[in-house]
Amino acid sequence: MALKLELAPHPQTQVQSSYKRWKEGQGRGAGTLVSAVIPISISSTSTSTSTCTCTININKNFDNRTRTRHLLDSSISNSIANSSYSVNTRTRTRKMVKAVSLGDPLLAEDQDEAVVVPSDHLSQQALVPSLRDYLEMYKASIQDPGRFWSEIASQFHWERKWDPDHVFSHNLDVTKSQVHIQWFKGGITNISYNCLDRIVESGGGDKIALFWEANDPGSDASLTYKQLLSRVCQLSNYLKDIGVKKGDAVVVYLPMLMELPITMLACARIGAVHSVVFAGFSAESLAQRIIDCKPKLVITCNAVKRGSKIIHLKDIVDAALLLSAQTNVSVDRCLVFENEAAMKREPTKWQEGRDIWWQDVIPEYPTHCEVEWVDAEDPLFLLYTSGSTGKPKGVLHTTGGYMVYTAITFKYAFDYKPTDIYWCTADCGWITGHSYVTYGPLLNGASVVVFEGSPNYPDSGRCWDIVDKYKVTIFYTAPTLYVTRYSRKSLRILGSVGEPINPSAWRWFYNVVGDSRCPISDTWWQTETGGFMITPLPGAWPQKPGSATFPFFGVQPVIVDEKGVEIEGECSGYLCVKSSWPGAFRTLYGDHERYETTYFKPFPGYYFTGDGCRRDKDGYYWLTGRVDDVINVSGHRIGTAEVESALVSHPQCAEAAVVGVEHEVKGQAIYAFVTLVEGVPYTEDLRKSLILTVRKQIGAFAAPDKIHWAPGLPKTRSGKIMRRILRKIASRQLNELGDTSTLAEPNIVDQLIALADC
Ligand code: WTA
């Protein structure tokens with residue numbers, strides 16, 4: 001639909017004195033700062049006219065075009081609320097939007113209502129330069145997904161193309177038949193080839209693929225695309241030699257050494273399915289994952305230095321292999337990288353016949369390895385993630401759709417340019433490290449920083465030190481880091497993931513980290529979605545602090561009420577997705593029924609994300625957190641049931657209920673209510689021992705921050721724990737407990753409150 005924008009002839013102008021004073025106080029107030037309230041009208045070629053009013057701050061050097069574009073953008077975004085992709089001009093709306101141009105700081109008093117509009121400079125060079133361009137592409141992606149995605153997929157190497165008449169097929173409606181999703185079926189490709197050989201063959205062989213920064217400052221390394229390809233081939237050859245075949249699982253328990261992405265790419269090259277387990281998981285958790293996927297081998301290293309601590313990873317693997325052998329899952333081989341910086345090989349415990357040093361065998365193999373061509377729907381990897389029941393779910397991603405989707409989301413959400421230096425702080429043990437440390441950036445031929453250490457070692461300036469050292473231009477992280485004395489001049493784009501970023505954290509990220517000049521891509525997505533689903537595109541539209549903004553191409557988010565009825569326009573409810581997208585997971589490994597039950601049965605016809613969401617009057621999406629029993633701690637997903645089952649395995653724990661509470665740094669913290677076996681006294685030692693049990697069974701990152709002694713738990717008469725009440729007690733919102741009369745024992749609430757600070 002064609003749109004015509006008319007600027008009203010006499011804008012009403014007023015000086016915003018408090019902002020001006022503030023800005024002059026900062027010593028940077030060169031321009032006269034005014035704000036204008038400008039009525040504009042939009043008329044469509046076919047129907048009625050709607051009018052909206054925008055307030056924007058104007059520097060004296062703002063030109064008319066800038067002003068017009070900003071107005072246009074906020075007007076069109078306004079209309080997105082009424083229809084997910086067509087511009088609906090029937091609705092009459094009036095609104096006030098405060099707009100701060102990228103380059104200007106965002107004031108505290110502005111933060112709830114303001115939008116940050118892209119600067120001209122940013123938009124002019126952006127891949128998607130305006131909201132109008134986005135809308136056109138978005139519309140194309142929804143109206144003819146087969147054509148849209150085929151065009152994008154054609155940018156990659158396929159040994160054989162998919163059937164053009166069957167680019168995708170899916171059924172998301174569990175009431176009709178089995179749920180299934182397929183993209184590019186029959187297309188033959190290899191993701192490792194596309195990440196490496198394709199880049200080398202097109203002349204990018206000497207470009208740095210990976211910059212590696214060690215835990216200890218001063219120690220680093222790098223690999224060009226050509227060198228990375230050689231390393232990957234050597235490992236692939238070894239894997240083939242020991243009999244690993246297409247479809248076999250390989251469990252990887254490595255820290256952020258370069259050997260981790262190398263291993264992923266080597267598995268993918270031969271069609272083996274990698275299952276990376278975050279190297280902070282305990283032996284029990286690792287064993288659980290080994291038992292589930294029965295790998296041909298486990299790849300690990302002897303030890304790792306995390307901050308100033310040395311962790312003996314090989315001991316953890318030994319314990320896990322012992323546990324899995326007890327369940328009759330025995331693994332014949334364990335390839336161990338000697339991580340000399342943490343520990344020499346000599347003290348490492350060794351099982352002859354099973355354990356092999358990486359350095360003793362891999363360098364002997366040829367640096368060329370034929371690619372195993374696979375179907376687009378052949379599995380690429382498994383990644384276990386927490387759900388609302390105790391057993392982790394093996395999320396399965398396949399090759400073709402995931403490849404296309406991670407590559408293209410990376411490119412657009414970070415407005416990637418070949419000169420960029422990109423750093424994502426995530427560990428490859430999580431989905432972010434799969435999609436946006438490894439596959440997405442390498443498919444784009446990017447230079448990626450891989451960091452072994454933690455952001456506050458040796459001090460809290462480490463991150464910014466790394467940004468300055470490598471001249472990082474795109475920095476993608478969880479919104480829980482602090483900034484100090486470094487320049488960060490190189491930064492161009494910031495990205496955030498893992499948890500809702502509240503407006504004040506957003507303002508800090510924007511004003512301080514990005515020095516008010518970097519747009520923030522607040523990317524909402526999940527292990528299951530493979531890639532970004534709702535995310536800003538830098539340069540394309542105004543940003544609202546705290547909102548993930550609009551859907552990526554091909555994604556149709558819907559908000560439903562508890563009956564599964566889609567709600568239009570401004571609303572809150574459960575976030576679902578209508579229709580499939582290429583990066584979607586295809587099943588839960590070995591348990592398709594759980595896949596359907598968890599994700600497709602709650603709201604038939606839709607993929608249910610497990611997240612709550614609000615859509616505002618302008619169509620912006622605001623994620624409000626999980627609505628199921630999953631907690632997000634520093635971007636790590638932990639199921640309450642997993643922590644509860646670890647706690648009740650303690651001999652003195654009779655019952656436990658775990659809830660998430662807000663935490664300034666971690667986003668959410670784990671808060672556990674624990675009922676002890678009768679007669680056992682509350683002691684500090686017992687508290688510590690309970691926490692230790694969780695650390696041992698799941699990993700240190702899942703340790704509860706608080707153990708709250710509970711003589712009993714608030715339950716309904718049917719025995720269901722009322723977590724709503726526990727959440728209120730945990731966050732000390734005692735006036736908001738609501739109706740407690742339906743509890744089997746209402747006085748338990750008072751007892752819990754009395755014990756809150758014990
Ligand atoms: C949450 C991580 C708000 C959300 C990529 C989701 C977010 C869960 C955001 C998935 C965001 C992720 N804003 N919440 N930008 N990104 N989440 O599977 O609750 O480890 O369901 O994937 O993290 O966590 P997962």
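## About the model

Because this is a predicted model, local features need pLDDT of at least 70 and side-chain atom pairs count only at pLDDT 80 or more, while totals for chains, interfaces and linings use all residues. Residues are numbered from 1 along each chain as its sequence is written, and side-chain values use heavy atoms, leaving out hydrogens and water.

Helices here are DSSP runs of H or I with at least four residues, numbered from the N terminus.

## Helices 7 and 8

Let's start with a pair of helices. Two packed helices are described by the angle between their axes and the distance between the axes. Helix 7 (residues 197–204) and helix 8 (residues 225–241) have axes that come within 9 Å and cross at roughly 150°. Axes are lines fitted to C-alpha atoms over the stretch in contact, and angles run from 0 to 180 degrees between N-to-C directions. The two helices are therefore roughly antiparallel to each other (angles over 145 degrees count as roughly antiparallel).

Which residues of helix 7 meet helix 8? They are Asp197, Ile199, Val200 and Gly204, and they meet Tyr225, Lys226 and Leu229 in helix 8. By class, this contact has four nonpolar, one polar and two charged residues. Contact means heavy atoms within 4.5 Å. In this classification, Ala, Val, Leu, Ile, Met, Phe, Trp, Tyr, Cys and Pro count as nonpolar, Asp, Glu, Lys and Arg as charged, and the others, Gly among them, as polar.

## Helices 18 and 19

Further along, helix 18 (residues 640–648) packs with helix 19 (residues 684–697) at an angle of about 120°, and their axes are 8 Å apart. Helix 18 and helix 19 are therefore oblique to each other.

In this pair, Val643, Ala646 and Leu647 of helix 18 meet Leu690, Thr693, Val694 and Gln697 of helix 19. The contact divides into five nonpolar, two polar and no charged residues.

## Asparagine 194

Is asparagine 194 buried or exposed? At 0% relative accessibility, asparagine 194 counts as buried (under 20% relative accessible area, with a 1.4 Å probe and protein chains only).

Its side chain reaches the backbone oxygen of asparagine 190 at 3.0 Å. Not counting residues up to four places away in sequence, asparagine 194 touches Phe156, His157, Thr189, Ile199, Met403 and Leu443.

## Helix 14

Helix 14 (residues 431–443) is largely enclosed by the rest of the structure, because 13 of its 13 residues are buried. Just after helix 14, glycine 445 takes a positive phi of about 70°.

How values were computed. Parallel < 35°, antiparallel > 145°, perpendicular 65-115°, else oblique. Buried < 20%, exposed > 50% of the residue type's maximum accessible area, 1.4 Å probe, protein only. Polar contact = N/O pair within 3.5 Å; in protein donor to acceptor, adjacent residues only side chain to side chain.
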